[in-house]
Amino acid sequence: MPVTAVSGSASGIGAAVCQALRAAGHRVIGIDRAHSEVIADLSSAAGRQAAIAAVLEQSEGVLDGLVCCAGVGSSALSNTIVSVNYFGVTELLDGLAEALAKGQAPAAVVIASIAATHVNPDQQPMVAAMLAGNEALALEQANALEQSHVAYASSKYAVTASARSKAEAWAKRGIRLNVVAPGAVETPLHQAALNDPRFAKAVREFVAPLGRSAAPEEVAHVVVFLQSSQASYVHGSVIFVDGGMDARVRPARF
Ligand code: NAD
């Protein structure tokens with residue numbers, strides 16, 4: 001039975017991923033702030049290290065899959081966005097890579113966002129700070145900007161770029177790694193943006209060509225495919241699950 005760790009397992013897309021993986025025969029080790037096999041706060045370095053240690057203990061040091069789904073939206077504070085969405089992902093990937101390398105046809109997925117395409121990384125110094133692993137500087141820059149939606153887009157751009165930059169090294173270790181970039185998905189995170197007067201109008205108007213937002217299961221099914229042997233040659237890719245939104249906004253850029 002494949003063993004897969006899933007962060008953000010208690011809600012939304014992560015909960016749907018857990019359910020779909022279990023249905024596909026996986027044993028799931030959920031990581032979240034509550035209601036999960038591993039209780040941890042991924043916003044701090046200590047919380048991330050505790051999460052890694054607990055996953056290694058519960059998996060006996062061998063993992064077949066990892067899905068990094070935990071995240072906060074634009075309604076959160078900029079520093080929380082950077083800490084959870086970037087460092088809460090990259091440190092889990094790095095800390096669990098050795099366990100994945102020992103697994104059976106191991107694969108990992110990072111849940112980023114279509115928002116990654118909404119930022120020019122050259123104009124946001126916090127992107128370079130994140131990619132350099134400098135959390136203190138990235139937090140300082142994100143806080144100084146006082147635009148949480150830019151921190152969100154920057155965190156999603158940086159985590160996508162970071163995952164893609166691992167493609168060579170992880171292939172050598174036998175681990176596939178892909179990124180899923182959802183559009184609007186009906187979850188508490190999405191509802192929080194709808195409830196936030198700063199973002200409500202933009203979120204309401206962000207309607208994909210398919211004419212609706214996604215159910216969390218529609219993202220989860222793509223994740224389960226990427227984690228399966230059917231996706232054995234898919235590696236280093238960014239898969240948009242966005243109802244056609246990216247194709248509308250950037251028809252000639254891909
Ligand atoms: P959600 O709020 O339903 O779930 C997020 C989960 O992450 C929650 O269970 C939460 O407790 C957990 N989490 C947050 N901070 C944490 C922390 N410090 N430590 C541990 N766990 C923490 O949201 P969702 O929409 O399912 O989001 C899942 C992922 O999908 C996020 O990375 C989000 O950015 C991404 N995403 C969502 C949408 C959308 O429209 N919902 C669109 C694009 C990308």
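Helix H8 (188–195) gives the most to the shell around the ligand, with 3 residues. Helices here are DSSP runs of H or I with at least four residues, strands are runs of E with at least two, and both are numbered from the N terminus. Helix H1 (12–23) and helix H6 (148–165), like H8, each supply at least two residues of that shell.

Before I continue, please note that this is a predicted model, in which local features need pLDDT of at least 70 and side-chain atom pairs count only at pLDDT 80 or more, while totals for chains, interfaces and linings use all residues. Residues are numbered from 1 along each chain as its sequence is written, and side-chain values use heavy atoms, with hydrogens and water left out.

The ligand is surrounded by 29 residues, where a residue is near a molecule if one of its heavy atoms lies within 4 Å of it. The closest are Ser11, Ile13, Asp32, Tyr152 and Thr187. By class, the shell comprises 16 nonpolar, 9 polar and 4 charged residues. In this scheme Ala, Val, Leu, Ile, Met, Phe, Trp, Tyr, Cys and Pro are nonpolar, Asp, Glu, Lys and Arg are charged, and the others, Gly among them, are polar.

Which polar contacts does the ligand make, taking pairs of N or O atoms within 3.5 Å? An oxygen atom of the ligand is 2.5 Å from an N or O atom in the side chain of Thr187. For the side chain of Asp32, an N or O atom is 2.6 Å from a ligand oxygen. A ligand nitrogen is 3.5 Å from a polar backbone atom of Ser43. The protein covers 93% of the 820 Å² of accessible area that the ligand has on its own, by the Shrake-Rupley method with a 1.4 Å probe.

I turn now to the sheet. Its 7 strands form an open sheet in the order S3-S2-S1-S4-S5-S6-S7, with parallel pairing; two strands pair if DSSP finds at least two bridges between them. Strand S3 (38–39) and strand S7 (238–241) are the edge strands, each pairing on one side only.

Strand S4 (residues 65–68) pairs with strand S1 (residues 3–7) over 4 bridges, and with strand S5 (residues 107–111) over 4 bridges. Gly65 is the bridge partner of Thr4 and stands opposite Ala107 in S5. Gly65 and Val67 point one way from S4, Leu66 and Cys68 the other, and all are buried, meaning under 20% relative accessible area with a 1.4 Å probe, protein chains only.

Conventions. Buried means under 20% relative accessible area, exposed over 50%, partly exposed in between (1.4 Å probe, protein chains only). A polar contact is a pair of N or O atoms within 3.5 Å; within protein, one must be able to donate a hydrogen and the other to accept it, and residues adjacent in sequence count only if both atoms are side-chain atoms.
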